Amino acid sequence: RGAEPLSPLMARQGAGAMLASSGLGFPPQNLARVVVWEWLNEHGRWRPYSAAVCHHIENVLKEDARGSVVLGQVDVQLAPYIIDLQSMHQFRQDTGTMRPVRRNFYDPSSAPGKGIVWEWENDNSSWTPYDMDICITIQNAYEKQHPWLDLSSLGFCYLIYFSSMSQMNRQTQRKRRLRRRMDLAYPLTMGSIPKSQSWPVGTSTGTPCSCPQCLLVNSTRAASNAILASQRRKLYPGAVRQSSTFAGAALWPAGTGTVAVAGGTAKGEGLRVPGGAFAPNQSVPGAAPLPGLNNLNRPGTQRGGGLSTRATVPPGVPALPVKNLNGTGPVHPALAGMTGILMCAAGLPVCLTRAPKPILHPPPVSKSDIKPVPGVNGICRKTKKKHLKKSKAPEDVVRRYIQKVKNPPDEDCTICMERLVTSSGYEGVLSQRGIKPELVGKLGKCGHMYHLLCLLAMYNNGNKDGSLQCPTCKAIYGEKTGTQPPGKMEFHLIPHSLPGYTDSKTIRIVYDIPTGIQGPEHPNPGKKFTARGFPRHCYLPDNEKGRKVLKLLIVAWDRRLIFTIGTSNTTGESDTVVWNEIHHKTEFGSNLTGHGYPDPNYLDNVLAELLAQGVSEATLKD
């Protein structure tokens with residue numbers, strides 16, 4: 001994901017030092033380095049995990065360098081993902097998708113070492129972090145007080161303006177906001193990490209553990225091993241491979257080099273060669289272990305052709321079931337196809353069990369069983385096109401919520417990044433009668449101070465609904481409204497229970513928004529927008545807190561805050577209806593995607609998200 005769609009040719013390696021050993025990077029001995037774990041996206045760019053996730057991965061790494069990391073334990077939005085440390089791949093449980101990951105190192109004085117994150121605002125008004133090398137470059141320029149930064153040297157056609165905290169596309173002239181925020185610092189490491197066994201096995205027999213988690217990890221690892229074995233045979237048809245599946249030997253031997261293949265050459269990033277690199281077309285010593293190919297699922301993976309000799313499979317290789325979570329259902333085609341075919345190709349026995357499918361909807365419900373939700377008026381809400389009523393002038397809105405400050409402190413205005421004791425950075429860019437560029441105001445509730453001209457620019461760049469939101473603490477002044485297109489919200493009670501709420505019935509919410517034409521408040525006025533996946537069904541438990549959430553969601557719907565028009569994080573499609581930072585549960589009877597139950601913290605989390613949009617319990621009392 002980036003500020004604009006990017007070509008894989010624009011990808012750039014991270015600025016940190018990278019060494020390789022069994023697929024893991026190691027810093028030089030006795031030299032402190034900040035560790036950032038990154039995954040390779042579909043555009044060929046390495047995207048950083050958050051600092052909290054990196055700390056979690058490092059903690060697991062200390063316990064078992066070839067184990068697995070369940071990302072959902074630290075970030076619920078990453079619930080479907082597992083990292084296999086031995087093959088250095090991220091595995092998505094519900095789809096079978098695998099992506100390479102890497103462990104990268106940066107200087108402790110750089111942005112990740114200080115917990116500084118630079119982000120740009122995407123089309124649905126949420127914030128996306130820059131790639132780590134770009135983040136470091138921006139922070140370095142910011143610390144040196146450069147007024148602007150040209151990213152063309154990194155392969156991106158963007159200019160960064162620190163005075164207005166904006167990013168401009170040099171080709172389209174389109175501007176986006178950017179921000180600098182403080183977060184948890186990334187983990188620090190020195191030297192190497194301790195050795196450990198390949199992965200969890202039984203305590204006495206040496207056979208693999210049969211718990212669902214280990215079965216998943218083992219089947220994932222077996223699939224990647226099978227790919228490597230198949231490609232080894234094509235490269236070196238006469239070789240016999242010793243099984244390292246449960247021997248504790250490294251799957252990815254150290255070193256990189258270039259190895260000849262039929263019809264071409266596979267290059268060093270994808271090849272690990274023990275003890276050093278082979279020269280092109282140099283034969284591999286018969287006694288040396290064969291190199292592993294660490295380029296699973298990468299575009300452009302080179303394959304040898306016309307070589308079909310099978311390696312001898314040693315006895316005792318266990319059959320590993322393909323099973324990602326408890327449950328029943330047809331075998332997922334991604335898991336069955338990838339694992340079954342490739343394991344068979346490698347000569348490994350395969351035992352496929354049925355993988356579960358998400359239970360998105362409840363059993364059929366007759367109309368007579370559908371009831372109104374107790375304590376909630378009606379069963380349906382509709383929104384129409386926004387009526388452009390005559391609102392107060394922007395300067396009147398700003399003055400309504402601020403108090404003038406005669407002697408401002410010598411600190412930054414976090415909108416324009418100029419000192420409060422000097423003129424606003426918008427001087428000459430925005431002129432407003434009666435508002436001088438040196439005037440400073442303090443917001444009434446939170447007390448944060450800004451140039452009046454900067455607040456006016458921020459308001460003019462927003463929804464112009466008569467409300468202000470403090471850019472520092474997000475406190476809302478007035479009634480915040482959104483840009484949700486016209487549609488319908490239905491809600492009722494059904495006689496079925498959600499996992500974790502067996503004593504309660506279920507509130508079902510049905511959102512329906514048709515396609516239409518974007519209005520003046522949308523990204524591209526006059527252009528058609530799409531509405532994929534509607535009607536969308538969402539679920540809440542029918543208890544006191546669930547009914548409170550429903551009432552607040554109705555208020556958020558009326559204020560047009562549930563959806564907006566932007567770019568889908570799932571499909572990448574622009575000018576489409578997307579969720580607007582208020583999470584909903586769309587999975588009725590399972591939680592395979594992270595959007596279902598049981599989730600004991602969900603109701604509290606969504607109440608906090610509603611509060612961030614200015615929708616609180618006080619709203620229900622008004």
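Let's start with a facing pair: tyrosine 81 stands opposite arginine 92 in S5. This is a predicted model, in which local features need pLDDT of at least 70 and side-chain atom pairs count only at pLDDT 80 or more, while totals for chains, interfaces and linings use all residues. Residues are numbered from 1 along each chain as its sequence is written, and side-chain values use heavy atoms, leaving out hydrogens and water.

S4 (residues 81-84) and S5 (residues 89-92) pair in the antiparallel sense over four bridges; pairing takes at least two DSSP bridges between strands. Strands here are DSSP runs of E with at least two residues, and helices are runs of H or I with at least four, numbered from the N terminus. In the S4 and S5 hairpin, with four residues between the strands, methionine 88 has a positive phi near 55°.

S4 also pairs with S3 (residues 68-70), again antiparallel, over three bridges. One of these links serine 68 to aspartate 84. Both faces of S4 are covered: Tyr81 and Ile83 on one side, Ile82 and Asp84 on the other, are all buried (under 20% relative accessible area with a 1.4 Å probe, protein chains only).

## The largest nonpolar core

A nonpolar core is a set of buried Ala, Val, Leu, Ile, Met, Phe, Trp, Tyr and Cys residues joined through side-chain atoms within 4.5 Å. Of the 45 residues in the largest one, Trp37, Tyr49, Ile57, Leu71, Trp118 and Tyr130 touch the most other members. Elements giving two or more residues include S4 and helix H3 (132-143), and H3 gives the most, with seven.

Conventions
Buried means under 20% relative accessible area, exposed over 50%, partly exposed in between (1.4 Å probe, protein chains only).
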